[in-house]
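Hi everyone, thanks for coming.

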Amino acid sequence: MDKSSNRLARVEEELKRQISQVINYELKNPDVTGMVSVTKVKVTPDLRFARIFVSVLNSKNLKKTLDGLKESSGFVRSRVANTVNLRTTPQLVFEYDESIVYGEKIDAILNDLKQEEKHNDENN
């Protein structure tokens with residue numbers, strides 16, 4: 001791992017922390033409902049753009065929540081600019097992280113298989 005990728009990883013981690021903080025404690029957008037978690041941040045090497053991956057639990061309307069985050073990206077960016085010391089704060093692009101939903105599906109399938117196996121063992 002060279003110095004630039006190491007720095008990028010540190011910047012991504014710091015942005016992840018600060019963006020989570022802003023979304024959960026400062027954002028007052030009524031469209032953003034449920035528990036929003038920042039799962040990952042990917043920053044371009046020139047630090048101009050950051051893809052913010054979020055998972056959302058218990059949202060009234062997932063699409064509205066994601067649209068609300070996109071609408072609020074300027075506010076979130078300006079709040080992050082005050083706390084993260086970068087020459088330029090990247091443009092924030094919010095994306096839904098489906099990996100948690102995907103993981104839950106896999107868990108459900110594995111549980112079904114276990115139940116089936118248990119059932120078959122009891123009948124033999």
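Let's begin at Glu-95, which counts as partly exposed at 27% relative accessibility. The cut-offs here: buried is under 20% relative accessible area, exposed is over 50%, and partly exposed is in between, with a 1.4 Å probe and protein chains only. Keep in mind that this is a predicted model, where local features need pLDDT of at least 70, side-chain atom pairs count only at pLDDT 80 or more, and totals for chains, interfaces and linings use all residues. Residues are numbered from 1 along each chain as its sequence is written, and side-chain values use heavy atoms, with hydrogens and water left out.

So who is the partner of Glu-95 in a salt bridge? That's Arg-51, and the closest N and O atoms are 2.8 Å apart. Arg-51 lies in strand S2 (residues 49–57) and Glu-95 in strand S3, so this pair ties together parts that are 44 residues apart in sequence. When I say helix or strand, I mean DSSP runs numbered from the N terminus: H or I with at least four residues for helices, E with at least two for strands. And a salt bridge is a side-chain nitrogen of Lys or Arg within 4 Å of a carboxyl oxygen of Asp or Glu. Arg-51 is partly exposed too, with a relative accessible area of 40%.

How many salt bridges does the structure hold? There are 4. Another one joins Arg-79 and Glu-26, with the closest N and O atoms 2.5 Å apart. That pair links distant parts of the chain, 53 residues apart: Arg-79 is in helix H3, while Glu-26 is in the loop between helix H1 (3–25) and strand S1 (35–43). Arg-79 is partly exposed at 31%, and Glu-26 is partly exposed at 26%.

Then there's a local one, between Lys-63 and Asp-67, at 2.9 Å from N to O. Both sit in helix H2 (residues 62–71), 4 residues apart, or about one turn of the helix. Lys-63 is exposed at 57%, whereas Asp-67 is partly exposed at 30%.

Now, rings. What sits over the ring of Phe-53? It's the charged end of Lys-40, 5.5 Å from the ring centre. The rule for that is NZ of Lys or CZ of Arg within 6 Å of the ring centre and within 35 degrees of the ring normal.

Next, is Thr-89 buried or exposed? Thr-89 counts as buried, at 13% relative accessibility. You'll find Thr-89 in the loop between helix H3 (73–83) and strand S3 (91–96). Leaving out residues up to four places away in sequence, Thr-89 touches Arg-77, Val-80 and Ala-81, where contact means heavy atoms within 4.5 Å.

Over to helix H4 (residues 99–123), where we find Leu-110. Leu-110 is partly exposed, at 45%. Together with Tyr-102, Ile-106, Ile-109 and Leu-113, Leu-110 forms a nonpolar patch on the surface, with about 500 Å² of accessible area in total. Patches take residues with over 30% relative accessible area and no salt bridge, joining like charges within 9 Å and nonpolar side chains (Val, Leu, Ile, Met, Phe, Trp, Tyr) within 5 Å. Accessible areas come from the Shrake-Rupley method with a 1.4 Å probe, and for residues only the protein chains shown count as cover.

Last stop: Glu-14, in helix H1, is partly exposed at 24%.
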